[in-house]
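Opened a new notebook page for this one.

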Amino acid sequence: MVTPGATVMLVGDSLAVGMEPKFISLARKGGYIPVSHTVNGTSIFQWIKWIKSDLEKNRPELVVVSLGTNDAIIYDRVRQHAGLYGEFTKIVEESGAILVWLGPPDISPKRIPHIAEERALIRKYASYYFESEAIEKPRGGDGIHSTHTGYNRWMGAAWDWMIDQNILTKSDN
């Protein structure tokens with residue numbers, strides 16, 4: 001269990017960018033030290049290069065990651081994804097941090113045909129996997145990204161789930 005005073009880190013793509021303000025707010029309210037590294041348009045291919053330095057610099061006890069949607073778009077490289085997801089997970093867990101993966105949201109297979117396969121691949125490696133597709137999130141015009149309200153609802157549900165899973169300690173605030 002990660003207790004107040006610990007550093008908690010959010011990493012990921014544009015979906016993480018949207019959840020970042022709520023993550024920081026919830027972490028601070030809970031007595032945690034929030035750090036984040038979120039970059040629009042990224043995939044596991046970039047993060048496998050960045051995660052070691054983020055871990056060394058920030059020394060988090062918890063890493064919350066939102067990746068997979070962009071990878072599903074380039075699903076023709078799935079064999080590479082599998083190895084990289086496994087390597088990413090190993091790097092984070094060997095640092096001593098708990099890894100929580102926020103699964104890709106409920107996106108129509110018409111929009112991103114291989115999103116279900118990508119979710120299954122991530123689940124294979126993630127020690128803790130939050131089922132994001134179950135959260136109702138208002139969407140923006142592209143059908144992928146949420147509205148501000150949607151991102152807040154999504155991160156709030158994920159945070160509560162981490163408390164229910166005894167990953168985080170519930171705040172008395």
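Before looking up surface numbers, I note that accessible areas here come from the Shrake-Rupley method with a 1.4 Å probe. I also note that I'm working on a predicted model.

**Entry 1: surface and charges**
I got about 8000 Å² of accessible surface for the protein, and carbon and sulfur atoms hold 49% of that. Then I looked up the charges: there are 19 positive and 20 negative ones, and their mean positions lie 2 Å apart.

**Entry 2: overall build**
I found six helices and five strands. Reading from the N terminus, I wrote down the order as β-α-β-α-β-α-α-β-α-β-α. Along the principal axes, the C-alpha atoms fill a box of roughly 45 × 35 × 25 Å.

Next I checked the radius of gyration, which is 15 Å; a compact globule of 173 residues would come out near 16 Å, so the two agree. I see 51% of the 173 residues counted as buried. For contacts with a separation of 6 or more, I noted that 74% are between residues 24 or more positions apart.

**Entry 3: strand S3**
How many residues of S3 are buried? I looked through residues 62-66 and found five of five buried, so I can call the strand mostly covered, with buried meaning under 20% relative accessible area.

Then I sorted the side chains by direction. Leu62, Val64 and Ser66 point one way, while Val63 and Val65 point the other way, and all of them are buried. That is the pattern I'd expect, because side chains in a regular strand alternate between the two faces of the sheet.

**Entry 4: partners of S3**
Which strands pair with S3? One is S1 (residues 7-12), which I find parallel to S3 over five bridges. In that pairing I located Val11 opposite Val65. Another is S4 (residues 98-102), also parallel, joined to S3 by four bridges. Here I have Leu62 standing opposite Ile98.

**Entry 5: Asp164**
Is Asp164 buried or exposed? I placed the residue first: Asp164 belongs to helix H6, residues 148-164. Its relative accessible area is 61%, and the cut-off for exposed is over 50%, so I log Asp164 as exposed.

Last, I looked up a distance from there. Asp164 and His145 are 19 residues apart in sequence, and I get 26 Å between their C-alpha atoms.

Terms used:
Residues are numbered from 1 along each chain as its sequence is written. This is a predicted model: local features need pLDDT of at least 70, side-chain atom pairs count only at pLDDT 80 or more; totals for chains, interfaces and linings use all residues. Side-chain values use heavy atoms; hydrogens and water are left out. Helices (H or I, at least four residues) and strands (E, at least two) are DSSP runs, numbered from the N terminus. The radius of gyration is taken over C-alpha atoms; the globule rule is 2.2 Å times the number of residues to the power 0.38. Buried means under 20% relative accessible area, exposed over 50%, partly exposed in between (1.4 Å probe, protein chains only). Contact means heavy atoms within 4.5 Å. Lys and Arg count as positive and Asp and Glu as negative; His and the chain ends are not counted. The place of a charge is taken as NZ of Lys, CZ of Arg, CG of Asp or CD of Glu. Two strands pair if DSSP finds at least two bridges between them.
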